[in-house]
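Work through the exercises below with the model open. Each task is followed by a solution in steps.

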There are 2 protein chains.
Amino acid sequence: MFQLDPRLQADTITLGDFPLCRLLLMNDLTYPWFVLVPRRVAATEIYQLEELNQQQLWQESAIVARWMATTFEFDKLNIGALGNVVSQLHLHHVGRRIDDPTWPGPVWGQHPPQPYGIVAIEKIKQQVRADLAAYLGEKQ
Amino acid sequence: MFQLDPRLQADTITLGDFPLCRLLLMNDLTYPWFVLVPRRVAATEIYQLEELNQQQLWQESAIVARWMATTFEFDKLNIGALGNVVSQLHLHHVGRRIDDPTWPGPVWGQHPPQPYGIVAIEKIKQQVRADLAAYLGEKQ
């Protein structure tokens, strides 16, 4: 049974389940920052996923990326699978602005997160429900 | 006609061409670090590639990742498309060790690169020729 890594659980808000991945919002209002975590698979590296799961991961990543580009304002999207701290395979999608606090450096391991308020989280959840309902399961 | 970004050109050694991407060695012996740059396409974000090119990019990424895992010693692979400094779409593959100088942080924008010597570069080129000839064109 799939269990989200406790560190990811603590740092994020669950938004829903794609066919393969759980969609998480990083609880840091500094950036629009979403994370995909493949469920039902034990892997720490993308290339260790079965071929079909790799394809599904990248399809879900493209859905998230396109949605982010039409929903939030940013200049560059950063996509990364690092896993140096949390080994459970997870894929970051971070919208970067040239005036954000860590531009042009990477976001990982930099500034402490600025948690969202309840209203802001609910607004993002509603946006996800409105835009991604066709892709996400009942967990949204 | 495809032209590699001058900054990427200066920082890397060209190893060959996959059907979609140019394979580059980052000229930094601190990490096994390879970069894929899609050719013949104008895009700064992965989701902007045509669907078939996205699939090809990820297939080539998996080839590189599996090859790195069997060829170099590292504890975790970091894969990332950032592009905050060089906007030409490029995908990093960095083998990380828990005793490397920036672990567990990201590699980008950290320590100055440690360039390879000529002999070490030739050794990696030979390894690429030996292992990836079936995938790469004449540029290797």
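Predicted model: local features only at pLDDT ≥ 70, side-chain atom pairs only at ≥ 80, totals over all residues.

**Exercise 1. Find how many cavities of 30 Å³ or more the structure holds, and give the volume of the largest cavity.**

Solution. 
- Apply the cut-off of 30 Å³: three cavities pass.
- Take the largest cavity. Its volume is about 50 Å³.

**Exercise 2. Work out which residues line the largest cavity, and sort them by class.**

Solution. 
- Start with chain A. The lining includes A:Ile46, A:Tyr47, A:Gln54 and A:Trp58.
- Go on to chain B. Here the lining includes B:Trp58, B:Ser61, B:Ala62, B:Ala65 and B:Ile79.
- Sort by class. Seven lining residues are nonpolar, two are polar and none is charged.

**Exercise 3. Decide which helix supplies the largest share of that lining.**

Solution. 
- Pick the largest share. That is α2(B), with four residues.

**Exercise 4. Determine what rotation superposes chain B on chain A, and name the kind of axis.**

Solution. 
- Superpose the chains. A rotation of 180° with 0.0 Å of shift along its axis brings chain B onto chain A, at an RMSD of 0.0 Å.
- Name the relation: this is a two-fold axis.
- Locate the axis from chain B. The nearest C-alpha in that chain belongs to B:Gly80, 2.0 Å from the axis.
- Compare the interfaces. 100% of the interface residues of chain B are also interface residues in chain A, so the copies meet through the same surface.

Note on methods. Residues numbered from 1 in each chain as written. Chains lettered and ligands numbered in written order. Heavy atoms only, no water. 1 Å grid on protein atoms, 1.4 Å probe; cavity = no way out; pocket = protein on both sides within 12 Å on 5 of 7 lines; lining within 4 Å. Points joined across faces, edges and corners; volume = space filled by probe spheres on them. Helix = DSSP H or I, 4+ residues; strand = E, 2+ residues; numbered from the N terminus. Nonpolar A, V, L, I, M, F, W, Y, C, P; charged D, E, K, R; others polar. Least-squares fit on C-alpha atoms with pLDDT ≥ 70 in both. Contact = heavy atoms within 4.5 Å.
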